[in-house]
Each structure stands twice: as C-alpha cells, then as structure tokens.
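User: I'd like to learn how to read a protein model. Could you walk me through one?

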Amino acid sequence: MVLRHSTVTKHIGLGIILALCLCFCISPVYAEKVPTRITLAVTPDHPSPGMPYTITGTLTSDEGDLLGNKRVILEATSSDPAEEASFVYIAMDDTNPNGMFSFFRPRVNGERAVRVVFLGNSRFDDAVSSVM
C-alpha cells in the first residue's frame, strides 16, 4: 500500500491535535460537588442602626473540612431580606487557610440584613449563609 504525503500529514496533524487535547484540555472531573456551608457571627451581637460592626465567619465542607483560599462575597439589603433579588454586592474576601474570613462594616444606615455567599467552583457547591 502506498501512502500519499497528504494522508500521512493528515494523520500526523490529527495525532498532534489529540495529544494537545489530552495535555491541555482535560481537567479533573468530579462525580459530585462537595456540599459547603458558611457560619457567621456579628460583633457586637445586635448593633444599633448606624453603629459599626464586624462580620466573621468560616467556610467549611458539610463534613467540617476547612476551606481555605476560597472567595466569599458579602451582600446586603435595605428591604425585606425574604426577597432574594434585593441583596446587592458589598465586598469580597478570600478565606484564610483555616477557612475564616472577616468583613468590617462602618456606620452604615439602611442595611436591614447581610449575608455571605460562596459561589462554588468545579469541586465545591455554592453556599449562602443565614441572613443576619
């Protein structure tokens, strides 16, 4: 059997494309995302309107594993916290190696409630804290 130059080139080209796909296109695939949770605390416990306060929290898996180096977002609302669409972005922070984060809120009038959100990633599910 005689192979033409174009046939050999075509097979070599397909081999190179396949090799590149195997090297660069394959990322880890997880069967199920790991459920996550956010716990929060506010200091002082019940700040008066216009009083500064600090929100601290921890991002963990449902199994209790601390999730470090993950981005969390602080959201607030000045309307009814039961209305999901009423929350707006305020700030973001990355968790430390122990899954902990902190947000300082200066004298802010009009915030009725705040929450912290983790958007998840390819391995971990998203999480929304309780509303404070």
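This is a predicted model: local features need pLDDT of at least 70, side-chain atom pairs count only at pLDDT 80 or more; totals for chains, interfaces and linings use all residues.

User: Which residues of the largest nonpolar core touch the most other members?

Analyst: That core holds 17 residues, and the ones touching the most other members are Ile 38, Ile 55, Val 72, Phe 101, Phe 103, Val 116 and Phe 118. At least two core residues come from each of strands E1, E2, E3, E5 and E6. Take Phe 118: leaving out residues up to four places away in sequence, its contacts include Ile 38, Leu 59, Val 72 and Phe 124.

User: How many salt bridges are there in the whole structure?

Analyst: A salt bridge here needs a side-chain nitrogen of Lys or Arg within 4 Å of a carboxyl oxygen of Asp or Glu. The search finds 3. One of them joins Arg 37 and Asp 62 at 3.8 Å, N to O. Arg 37 sits in strand E1 and Asp 62 in the loop between E2 and E3, so this pair ties together parts 25 residues apart in sequence.

User: Are Glu 75 and Arg 115 buried or exposed?

Analyst: Buried counts as under 20% relative accessible area. Glu 75 has 15%, so Glu 75 is buried; Arg 115, at 7%, is buried too. The two form a salt bridge, with their closest N and O atoms 2.7 Å apart. This pair links strand E3 to strand E6, 40 residues apart.

Technical notes: Residues are numbered from 1 along each chain as its sequence is written. Side-chain values use heavy atoms; hydrogens and water are left out. A nonpolar core is a set of buried Ala, Val, Leu, Ile, Met, Phe, Trp, Tyr and Cys residues joined through side-chain atoms within 4.5 Å. Buried means under 20% relative accessible area, exposed over 50%, partly exposed in between (1.4 Å probe, protein chains only). Helices (H or I, at least four residues) and strands (E, at least two) are DSSP runs, numbered from the N terminus. Contact means heavy atoms within 4.5 Å.
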